[in-house]
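Subject: Structure handover and notes

Hello,

Here is the structure you asked about. Please open it beside this message while you read.

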Amino acid sequence: MLGFLTARQAGLDDPLRLRRAESTRRVLSLKLNPDRDVDRIHGNGINTIDIEAIEGRYMLSGGADGVIVVYDLENYSGKLQYTCKAVCTVGRSSKYVHKFSVETVQWYPYDTGMFVSSSFDKTMKVWDTETLKPAEVFQFEGNVYSHHLSPIARKHSLIAVGTKEPKIQLCDLKSGSRIHVLQGHRAEVLSVRWSPRYEHILATASNSEDPPGVPGPLLKISALEQHPRLISDSKVKVWDVRRASGSLFTLDQHNGDKSKASSEAVNTAHDGRVNGLCFTGDGLYLLTTGTDDRMRLWNSATGENTLVNYGKVCNESRKRLQFTVSRGCSPEFVFVPCGSSVAVYGLHTGELVTMLRGHYNNVDCCEFHPDYQELYSGGKDCNILAWVPVIRASDVEEETKSANQAVAAAADQSSVNSAFQDAWSSDED
């Protein structure tokens with residue numbers, strides 16, 4: 001650390017290098033913080049959380065009980081031990097509350113005065129944070145699994161919505177209506193995600209639609225022949241929403257090598273349902289998770305599978321899985337719910353760095369706080385846990401330098417030549 005500081009002061013290194021080094025150290029030292037709690041409000045599991053990017057202060061959570069909570073993450077108590085308080089709640093007593101499980105919550109990217117939630121009650125609601133009343137309600141024909149607003153869009157205000165129907169709905173915040181439909185999937189859409197690099201690029205992931213009574217891993221060609229309408233999709237498509245001709249490309253786990261793909265697995269991203277999507281902070285790569293217990297890293301420009309091997313990534317969720325990627329580190333890390341733990345992987349190496357254990361039941365969502373390199377996770381145990389970097393111990397060189405300075409100062413005071421001492425003035429003066 002001293003070397004980075006010296007190089008920065010001398011102008012030998014870019015200040016960004018020091019920042020990345022310290023961010024990486026902090027992520028690698030993440031631990032469950034015993035001094036920080038988050039108010040326990042939800043009566044059922046927590047499906048989704050989101051931290052606003054304006055101040056990095058407020059966090060949203062949505063639960064299986066239909067309740068939405070806004071938390072204040074800042075500590076103004078002046079004490080080391082504190083609880084992140086719930087600022088406001090859309091509880092069961094509110095007439096505006098979702099009737100069923102809330103699957104996705106998201107802050108409006110440019111203003112904390114608005115947020116959006118979607119639910120299994122077949123609605124998506126745009127909320128006024130001040131009044132906790134919906135300013136707009138979008139109705140759909142099936143359960144809503146996922147929605148997403150672009151974090152960088154300036155030329156449109158579209159919300160992409162994935163529902164039980166195979167069509168992706170594009171809803172316009174300005175007009176309050178559904179203005180466009182993207183067709184191409186053959187099964188329910190579990191996850192949607194806008195690119196953080198190009199505002200018109202959208203990624204969508206679909207389910208693996210199994211015949212009744214036939215689990216995904218046991219799906220055989222004979223079963224498909226018996227149920228011809230229930231054909232597996234398991235696809236991830238990348239769209240330019242300005243184009244009317246269909247998707248740009250479909251991700252293929254075999255990179256076009258037909259010899260490695262079985263006849264029913266051509267152009268599929270996973271061998272099971274694809275229930276998780278996440279772009280890296282720079283938008284150059286796209287991560288996907290599937291119920292085949294695999295996570296894959298793709299080049300978002302070409303759709304090429306980078307073939308990074310993350311090993312077995314346990315995933316049994318039948319709904320959207322919310323995972324996240326660090327920002328500002330070198331190298332970057334991926335945080336993935338894995339049973340009752342959160343697995344931390346190296347993004348480009350696939351190495352399992354550590355497992356964050358603390359929940360008593362399955363973890364369904366996690367969110368990275370880039371300003372403080374902290375991680376928040378929510379699970380079926382109704383708890384939101386805060387994973388915070390361990391405070392860095394002072395370097396040996398720093399301690400030695402401080403001690404030497406203190407000794408030198410004491411020696412200077414005691415060894416002053418008597419000729420320079422003030423022997424003629426008095427306290428009375």
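The notes below cover sheets, aromatic pairs and a few backbone details.

This is a predicted model, in which local features need pLDDT of at least 70 and side-chain atom pairs count only at pLDDT 80 or more, while totals for chains, interfaces and linings use all residues. Residues are numbered from 1 along each chain as its sequence is written, and side-chain values use heavy atoms, with hydrogens and water left out.

Sheets

Strands here are DSSP runs (E, at least two residues), numbered from the N terminus. Two strands count as paired if DSSP finds at least two bridges between them.

E16 runs antiparallel to E17 (residues 201-206), and 5 bridges join the two.

Gly276 has Thr289 in E21 as its bridge partner.

Aromatic pairs

The structure holds 6 aromatic pairs. Rings of Phe, Tyr and Trp (for Trp, the six-membered ring) pair if their centres lie within 6.5 Å; planes under 30 degrees apart are stacked, over 60 edge-to-face, and the rest tilted.

One of the pairs is Tyr108 with Tyr110, which is edge-to-face, at 5.8 Å centre to centre and 75° between the planes. For accessibility, buried means under 20% relative accessible area, exposed over 50%, and partly exposed in between (1.4 Å probe, protein chains only). Tyr108 is partly exposed because its relative accessibility is 25%. Tyr110, at 29%, is partly exposed.

Another pair, Phe115 with Trp127, is stacked: the centres are 5.9 Å apart and the planes are at 10°. Phe115 belongs to strand E9 (residues 114-119) and Trp127 to strand E10 (residues 123-128), so this pair ties together parts 12 residues apart in sequence. Both Phe115 and Trp127 are buried. Ring pairs also link Trp107, Phe115 and Trp127 into a cluster.

Backbone details

Where is the cis peptide bond that involves Pro331? The bond joins Ser330 and Pro331, with omega about 5°. Pro331 lies in the loop between strand E23 (324-325) and strand E24 (333-338).

Asn255 is not a glycine, yet its phi is positive, near 55°. Asn255 sits in the loop between E19 and E20. Is Asn255 buried or partly exposed? Its relative accessibility is 35%, so Asn255 counts as partly exposed.

Cys382 also has a positive phi, near 70°, in a residue other than glycine. Its place is the loop between strand E28 (374-379) and strand E29 (384-389). With 10% relative accessibility, Cys382 counts as buried.

Regards

Terms used: Helix = DSSP H or I, 4+ residues; strand = E, 2+ residues; numbered from the N terminus.
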